[in-house]
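Trainee: Could you walk me through reading this structure, one feature at a time?
Mentor: Gladly; have the sequence and the model open.

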Amino acid sequence: MTATTEVGGPGAGRAEVGKARLRKEDRHLITGRSRFTDNMVLPGMLHLAMVRSPYAHAKITAIDVSAAKASPGVMAVLTGADVAAEQGSLPNAWPITPDQKAPAHGAIAVEEVAFAGEVVAVIVARTPAAARDAVELVDVSYDELPVVMDLEEAFTDKVLAHSSLESNKSATWVFDSAEAGTGSSVQEAIDNAEVLIERTFYQQRLIPAFMEPRSTVVDPTGEQITVWTSTQIPHILRLMLALTLGIPESKVRVIAPDVGGGFGGKLQVTPEEAITVLAARRTGKPCKYTETRSESLQAGHHGRAQVQRLKLSATRDGTVTGLSVNLLADMGAYLGLVTSGIPILGAFMYNSIYKFPAYRFECNNVFTNKTWTDAYRGAGRPEATFAIERLMDELATELGMDPLAVREKNWIRHEEFPFATVAGLEYDTGNYEAATSKAVELFDYQGLRAEQKRRRESNDPIQLGIGVSTFTEMCGLAPSRVLGSLSYGAGGWEHAQVRVLPTGNIEVVTGSSAHGQGHETAWSQLVADRLGVPFENVEVLHGDTQISQRGLDTYGSRSLTVGGMAVLAAADKVIEKAKVVAAHMMEASEEDIEFTAGSFSVKGTDTSTSLGEIALATFAAHNLPDGFEPNLDSDATFDPVNFSYPHGTHLAAMEVDTETGRVSIRKYVCVDDVGVVVNPMLVEGQVHGGLAQGIAQALYEEAVYDDAGTLVTGSFVDYLVPGAPDLPHYITARTETPATSNQLGAKGVGEAGTIASTPAIVNGILDAVRHLGVKDIKMPCTPSRVWHALQAAQTTGGVQ
Amino acid sequence: MIPSAFDYAAPTTVEEALGLLAAADSAGDDVKVLAGGQSLLPVMKLRMADPSMVVDLGRITGLSGVTDDGDSLTIGAMTPHHVVASDPLIARHLPLLAKAAATVADPQVRHRGTFGGALVHADPAGDMPAPVLAMGATLVIAGPNGERSVDAADFFQGYFTTAVREGEILTRIRVPKFTGWGAHYEKFTRVSQQWSIVGIAAMVRVEGGTIAEARLGLTNMASTPLRATAVEQALAGAALTAEAIAAACLHAAEGTEPASDLNGDAEYRRHLAQVLAKRAVLAAAGL
Ligand SMILES: Cc1cc2nc3c(=O)[nH]c(=O)nc-3n(C[C@H](O)[C@H](O)[C@H](O)COP(=O)(O)OP(=O)(O)OC[C@H]3O[C@@H](n4cnc5c(N)ncnc54)[C@H](O)[C@@H]3O)c2cc1C
């Protein structure tokens, strides 16, 4: 059990940690000095354009490239057949079961295409326009095959998404608390249930929709192949490109320059990246590919896309006794880097903050003829949180209880931490009481309930509902051993180096790969405090495998809790090293050296020396202790012992215009507990952006296909990403219950808002219209869906 | 987002522009007139249109601006949306037009996109056609044989189709003044910057406690903008009360043929038309 403080807690005493520093990164970004991949221009550079399949499922019977090859400016046209021998199969690093099935996945389709937008040929030309023009001249003959677009239909295997596979089922993964020894039998809980809530929820397909479309530049002209690419994962990409294309890893350098957002959408080894490397090697010239927004929406990986069949058992006093989850997860046409593991990341979170004793999770991963899915902000955990938070509201309704009371009855009490969960995790700390009571107070919960009652009684055309979402998530991916036990292909550590230069300035090299989060600012604050140097004297280097040689990059809210801890560990090693030199220089024993605020002093004397002086001495190396290696730097690799578990309480007051079905957010309060905060402004930014994306799932976004397999929401005219005017003024606050799994007490904040907000919004909408007979509304809750639900409820007398 | 190659001409007079159109036409070239480019360029970039020649009207003087002709205003076809939304003459005499123009897209698009372009483009979900129809404007079209004037009622002929024929240019729009009328454009969208799912252009003239006259135009309730004549008739002489207005607006979907799409099906649109018409008229009447 750890003490919880309101904001301004443990971090506030330090000089830098806890300070709302403006971001170091912003000056160049907002003065037009950004360097995104598409800004790269290399001498003699060629440009790529992709020929993409208009069909969702077809055999390629012939490709005639002669006209394209003859087109002005065209240097080469490559088809799947041309590169079949060297393109390999794009990686899936997470085979969740030993018998997982997956189709081969060449970057360019060779015989068959399995989703609309799959690359069938690539044009390499002197200018982007010449490349684009030649796309029209490639004549591809297809034999159309039947398509399977609907997930539940795909599960029946009536139509196969790939003719090379005998079934659309990729893998089945089961967790059962009775078998795992973490709890009792769900079947028994269901058999003995006094109340049984059975629901099916649909997690619609979403598109990450990062601001900077993906772009790759490859220079093959040196000893090494250099790849600039808009990615979250330069380190993983380097390894995977080497393995996929059979290039020695030492010959590949990957650079992620400025990257304009990712949200999981750039946690991928993309066909387009592999193709750009292949084209550069073929032509011997630098090559660039930058996708259009339409290509990005069509062929960048999607997220969510699950059907959740749920059974929650409880006693009549509102105590939950068990939960059974049966999931269908839409892989789309292929398995990307971690596609298959996304639902598994959710498997540990369906029990959320509750302590019910029995849990069973079964997931069936299924192929369809849609763009493949993979990580999207929250990755598995938003789906899980949505399911359990919707169910808790359904249980409250069934029992006539207040939704907060039902949650409180079931959540892990503050004094019960650390707590071993039914899903097999150990939550180190948490204080759901503190976050909830603060949220209730900021929200004016009682006042809004009273208004809700008045509106109901007066039959007001604008009805009011209150949506509750208490959530937790597992962050800080991840302890390597745990990843090993889940058959993931790599570890979850992070690497850092801290170098004290002869001038006393500090260089921090991090394996985390920032793409908008503000790592340079946060890492500078961490190191400034730890080494007692000014914030301005710290330089953070990242995103280039030649500068940051080791790393596992940025996703899963892992940067601070894993990468930041590696930075601190490296700084601590530097201090230990410096102490040896300080003792030598001041002719004292090492035990008597004290380090505070950048200065080493001899206990009980006024003799002292600074970190800068020591750095210069270690550089000159004229007078160092015997055996001391010159220079003052250190490496550290941090492998977390546990996940971290941010949590919070989100409350949404939703207004539903019953005449038009339009919903609006009247008030949104969130109290997040992300542990110790390094920079409150960065946290606030992450919370706001996260909320926007979670709200977008509830109200606005959905990737829609027609029956033939064409993406209907193929541009931002139809794929509706909300803008600032569509979102409310959030009331955000924090409590701080430090994590015990890392020395700073931080927990991670990158995904919190996205995970928590979706169920808060939907619960709020249903709370507003349930008394009118509406039981559920599919996401996104568009005005027309809400209105139709109200109509249906009216005509069927409340049963829908 | 790269369009096919095309030739480009920027004439400085209407005559020169018409000459270029005629020449291209007789050479069998596919020629397009470019106004603000806010609709034409996106479809060219998506290669849904690939004209071999583009004639830019942007350098022609006299096609932009607002003039007072006594009992009507004349608005140049090349007048950008933001001018329509903010011009004092329009605000005073054609408040409906100003209000509708202010709902078009975002400030960038409103500074580039033009009033005439929006009318010739004739997107069923576009916001400017319905007010123009409701106000009974006259559209002046220049062609090889000189100018002709077309009533708004005859101008919008179908899905993205107007009375402007190939080789012609819409030069200006003459709108009778509606000084003193109450006006409101009620636009329904899912996100703040979006084409209308349904839009209602409403104008009322109030005399004493009754509505003397009303004019309503419907956006996106068919392949062309429509007049809600049944509502107009029901409102004429109706009491200035919420009940009377609501009752009249139940006729708003009569004669409409709305499409079904991701934003809503036809049934929903018909329902919206009634609710939004009521809201638009209430707002126009200052209730
Ligand atoms: C992001 C975005 C959002 C938008 N949102 C909305 C919205 O909410 N509501 C809305 O109503 N509109 C919206 N629009 C469209 C906008 O109003 C356009 O400006 C308008 O539809 C076309 O005007 P333009 O001047 O840009 O015409 P252009 O794009 O230049 O031309 C459009 C068509 O009309 C023809 N044309 C143009 N002018 C003439 C002329 N004088 N004579 C003969 N032919 C001509 C062209 O040949 C072309 O076929 C949006 C556009 C964008 C890019």
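Predicted model: local features only at pLDDT ≥ 70, side-chain atom pairs only at ≥ 80, totals over all residues.

**Sheets, helices and an interface**

Mentor: In chain A, three strands make an open sheet in the order 5-3-7, and the pairing is antiparallel. Residues are numbered from 1 along each chain as its sequence is written, chains are lettered from A and ligands numbered from 1 in the order in which they are written, and side-chain values use heavy atoms, with hydrogens and water left out.

Trainee: How many bridges join strand 3 and strand 7 of chain A?
Mentor: Strands of a sheet pair through backbone hydrogen bonds, parallel or antiparallel. Two strands count as paired if DSSP finds at least two bridges between them. Strands (E, at least two residues) and helices (H or I, at least four) are DSSP runs, numbered from the N terminus. Strand 3 (residues 58-64) of chain A and strand 7 of chain A pair antiparallel over six bridges. A:Ile63 stands opposite A:Val140 in strand 7 of chain A.

Trainee: What is the strand order of the open sheet in chain B?
Mentor: Five strands, in the order 4-5-10-6-7, with antiparallel pairing. Strand 4 (66-68) and strand 7 (146-151) of chain B are the edges. Neighbouring strands are turned by 25° against each other on average, direction ignored. Three bridges join strand 4 of chain B to strand 5 (residues 72-76) of chain B. There, B:Asp68 has B:Leu73 as its bridge partner.

Trainee: At what angle do helix 18 and helix 19 of chain A pack?
Mentor: Axes are lines fitted to C-alpha atoms, for helices over the stretch in contact; angles run from 0 to 180 degrees between N-to-C directions. Under 35 degrees is roughly parallel, over 145 roughly antiparallel, 65 to 115 roughly perpendicular, and the rest oblique. Helix 18 (residues 559-585) and helix 19 (residues 611-620) of chain A pack at about 85°, with axes 10 Å apart. They are therefore roughly perpendicular. Contact (heavy atoms within 4.5 Å) involves residues including A:Ala578 and A:Val581 of helix 18, and A:Leu611 and A:Ile614 of helix 19 of chain A.

Trainee: And helix 8 of chain A: what angle does it make with helix 9 of chain A?
Mentor: Helix 8 (residues 234-245) and helix 9 (residues 271-283) of chain A pack at about 60°, with axes 11 Å apart. That makes helix 8 of chain A oblique to helix 9 of chain A.

Trainee: How much area do chain A and chain B bury between them?
Mentor: Interface size is often given as the accessible area lost when the parts come together. Here that area uses a 1.4 Å probe and is summed over both parts. Chain A and chain B bury about 2,200 Å², 56% of it on carbon and sulfur atoms. A:Glu659, A:Leu720 and A:Trp787 supply 23% of the area that chain A buries against chain B, more than any other three residues. The contact takes 28 residues from chain A and 24 residues from chain B.

Trainee: Which residues does the cis peptide bond with omega of about -10° join?
Mentor: Most peptide bonds are trans. This cis bond joins A:Met779 and A:Pro780. A:Pro780 lies in the loop between helix 21 (752-769) and helix 22 (783-795) of chain A.

How values were computed
Buried area = accessible area lost by both parts, 1.4 Å probe.
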